[in-house]
Structures are given as structure tokens and as C-alpha cells.
Amino acid sequence: MINDLTIIAGRGKDGRSEDFDSLMLGAGDTISIVGPTGSGKTALITDVELLAQGDTATHRRILVNGSPPPDEIRYNPTLKPIAMITQNTKCFTDLPVLEFLEIHARARGIRSASVLDDTLSLANSFTGEKIGAEMHVTILSGGQTRSLLIADALFIGAAPVILLDEIENAGIFKQEVLNIIRAQGKIVVFVTHDPVVALLTKTRLIMENGGIKKVLTQSELEEMAADNLLEIDRRVGLIREELRAGNRITRELMAVTMTPKAVGM
Amino acid sequence: MRLLVIAGPPSTGKTSLSKQVIRRFRDEMCLAYLKIDVVKAYEDIELHREFGIATKKIYSGDLCPDHAAVMILDDTIAWAEALGADLLIVESAGLCLRCSPYLNQGLGVVVLSSISGIHTPEKMGAMVGLADVAIVTKIDLVSQAEREVFIQKIKELHPAILVFETNALQGTSLQRLYRLIEESPAIERDKLVLKGNPPLGTCTICLGKKEIGWKKHFGVIRKLEGPITDYLYRGE
């Protein structure tokens, strides 16, 4: 039902129009939004999430398949084609995990019985701390909350557009999340400070003072750089898990910390 | 004149919503605003200073605020009509959750904070059940999944209610509410009645008798155990 989204330019914090007219995002596209804190990254994905029609601070408009979305799509969660994972690492809803997922599935009009278990086990594959079905969402740690919300967005939100706000801060297995999300053929938008995530996406939006300053397309060189950085990232991740487990650097682990050149790659 | 009644618990964003509505319409309509509160309210002074519109406040004092509203609303409407107002905004105190201040005409809006508890909509009874529109505020503080769970709870309570999510400080996504206000028909002052039922009866507690326990009171009383039909009237 949704093939593409179009962002129609609004204005920055200084009231000046943004440096682009419109930007179309199609199925399978990956987009990253980069820029300093306070430059308007979160405001941009919030515009997309709310399907803004000139009625947010930025005055941007979002078109679905080339036209303004009807009210039913804007205001009915069961029809909303967008799932957003915010930076929130806290839930206020005092419900057990399973009941939370169950009500959300009902809100989204999902009847499948297995979706709840699938969501919970996917969430558990993103985090080292086990999330139990009977645990209250209010007491989950930051990493557990983000893992649960990402899994929820994928299986229960099940939307063709996924917006992720700084998943690198989540204390979760970023690689696993990236692999699963990139394999889905959805429109995926990352707000990120992480160079790996930024270089892996096909399009980069550079933010400044509330507006989109620049739109860049991934170059061949950047794609190669992303692959190299992924390897470094994997190694850093390996060491991180060893340290979190209370282990020391051994001779074998020492090799992991050497640059690819030094080990002959 | 159109009528907009805004209800909701304290600190959910009723006044922020009022401000957005005023900001949106002040250039094209003559606006009047009434705040009902129990002990203290500053909204009338604040909104008059910020927007230069006609404002009033009423303290309910010893009366329940919804009771006070019933008493003074007719006078308020006469006041606003005499000013030539196109839209009267009435902001309730939203305290005890027993009643709702909505009338059979105009638009009734309940304001709920997305960080209040998941059972809050149920606890608010008529204030949610008889509203035309629910505005869910502070959406920048919670995840989308959590907002959708909260909205689902509201809709299960009142399937026909229109729910809009907003960051009331910024006034995001309120276009549809503005449209409803614009399209809302003019009220007829002599045909206004409360949508909900006011509470029952009068008793010694209402009269100010402070002793604890049903044996000390006359009128409509209630014991801890026992069916609701066991309400006893012990006479004067």
C-alpha cells in the first residue's frame, strides 16, 4: 500500500527554507540523517512519523505515494505505515511485557497468535539480558527496552517504513539489528552519529540548524569504507563482550585488536 | 458562537492546548476564555496578557468544580455572547473524575498525558466516555509503541472517540482539531444541558460534617462492604 514517501522542504530554525525542494524515499531505500546535536535530526523523523502536513515546527509536508495521506492513515494506528523507534529507554506503561505486546498487536489489528512469542524471542536476540514475558516493561533496563521496542516495530508495527533514532546508543547488538532490518526491503531511516551506520546507507541527509543542508548519495569508495569499518566494529564488539564478561585480553584476543593490515588482510 | 470545553486531570496540558487553539484562531475570530478552578488559577491573567483576549476565572471554593460550572456557565455564555465572541473556550479544573463538564452542544475535548498510567483512561470515567475528542499530549516523551498501547486503551473505552496525538507545547498535528472547531455549529443558549449525570443527592458530608464513618452521617451513605443497592437514607 505504500511505495514511496516524499519529504517536501520546510524551514530551519532561522525561518529560512531548506536547501532542497523535495526528496523521495522508495521501498528498499536506506537513509541516514547526520549532524550535530540540536540540528533537527529527531524533528525530521518525527515529521515523517506524524506524516506532518505543514503543522509541525518545521512546516514540512510528507506525501505518501505522491499525495497527502488521508486522515484515516494519519490518525489510525492500525493503518499507520510507519514504525519509529525513539531514543526512549524508559516505559511508563505499567504492564507485563506480554500484555504490552498483546495490546499493541490489537491496536495494530494483528491477529496472529505466534507474533507475540516471535517478537519476544527477536528482542532477546538483540540483548544479552534476558527479557521475560511476565516482567513489567517499567523495570526493563535501557538495553532491554530498546531491544523490545525494535522487535515490536519489526513484527507488530510491521510497517513498510522504519525510523530508528540512534540505535547505536542502545547497549544492544547493533549488528544483529542492522542485518535484520536491512534484509526487509523497507524504507529504513537512521538518525545516527555512528560512521558505520551512516556509510552503510544509500542516502545521507546532513542537518544544520533545524533544516536539511545537504543530500549525499553513497559513493563506491564509501561503500568500501563501510565494509572496512564493519570489520573494525565487529572486532570492537567482540572485545566489548569479553570485557563485559570479566575476561582479560589473551594472546588470541590480542590478534583481534590489531589493524587489518597488521594481520595481513 | 461556538463552544469548546476542555477537560482533563491537572498538568496534562489543557492550558497548552488552549494556547494553541487561541494562537490558531485569534486573527480570524473573537475569542473568550473561562478557567474553572478550586483554589488558585493564573491562566486568565496569563492568556489575557499573552494574547489580549477576554478571559475570566471562577473559583469553585466549597463547591465541587463541575457543580460550580453548571451554576455559572449560562452567565459565562451570556458574557461571551455580549462580547461578540465567535468561540468560547471553557477550561475545567479536572479534579475528581466523577463527572464531566461537557454539554450537549459544542465540542468536548479531554486532554490525557501519554506518561500517565495505562489505566488512567478507565479511571477517568465520564470525562473520557462522554468526550468527542481525546488529545494525547507529551508524545515526545514516550515511544510510538507505548503511545499506540495507550490510545488502544482509550479506544476500547470509547470506540467512537477521535484521538489526536500532540506535543502541545509545539502544537504539532492539531490541524484536524482546528477543523472540528471551525466546523462546530453555533450553540443555542437556552437548549444547553449537561451530557453526563451529576452525582446523587445531598448529605451531611456535603454540609460540612467532618466525622469519619457511616454511622455518623445522614443522607446517602455507603459502607465498605455490601452491594451498591445498600445505600441507606437515614432521613433528616
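Buried means under 20% relative accessible area, exposed means over 50%, and partly exposed lies in between, with a 1.4 Å probe and only the protein chains counted. The legends describe a predicted model, in which local features need pLDDT of at least 70 and side-chain atom pairs count only at pLDDT 80 or more, while totals for chains, interfaces and linings use all residues, and side-chain values use heavy atoms, with hydrogens and water left out. Residues are numbered from 1 along each chain as its sequence is written, and chains are lettered from A and ligands numbered from 1 in the order in which they are written.

**View 1. A nonpolar surface patch that includes Leu243(A).** Leu243(A), Ile249(A), Met254(A) and Met258(A) make a nonpolar surface patch of about 360 Å². Patches are made of residues with over 30% relative accessible area and no salt bridge, where like charges are joined within 9 Å and nonpolar side chains (Val, Leu, Ile, Met, Phe, Trp, Tyr) within 5 Å; a salt bridge is a side-chain nitrogen of Lys or Arg within 4 Å of a carboxyl oxygen of Asp or Glu. Accessible areas come from the Shrake-Rupley method with a 1.4 Å probe, and for residues only the protein chains shown count as cover. Leu243(A) lies in helix H8 (residues 220-244) of chain A, and its relative accessible area of 52% makes Leu243(A) exposed. Helices (H or I, at least four residues) and strands (E, at least two) are DSSP runs, numbered from the N terminus.

**View 2. Leu229(A) in helix H8 of chain A.** Leu229(A) is partly exposed, at 27% relative accessibility. Apart from its neighbours within four places in sequence, Leu229(A) is in contact (heavy atoms within 4.5 Å) with Pro195(A), Val196(A) and Leu199(A). Although Leu229(A) and Leu199(A) are 30 residues apart in sequence, they are 9.1 Å apart in space, C-alpha to C-alpha.

**View 3. Leu51(A), a residue with positive phi.** Leu51(A) has a phi of about 45° although it is not a glycine, and its place is in the loop between helix H1 (41-49) and strand S4 (61-64) of chain A. With a relative accessible area of 0%, Leu51(A) is buried.
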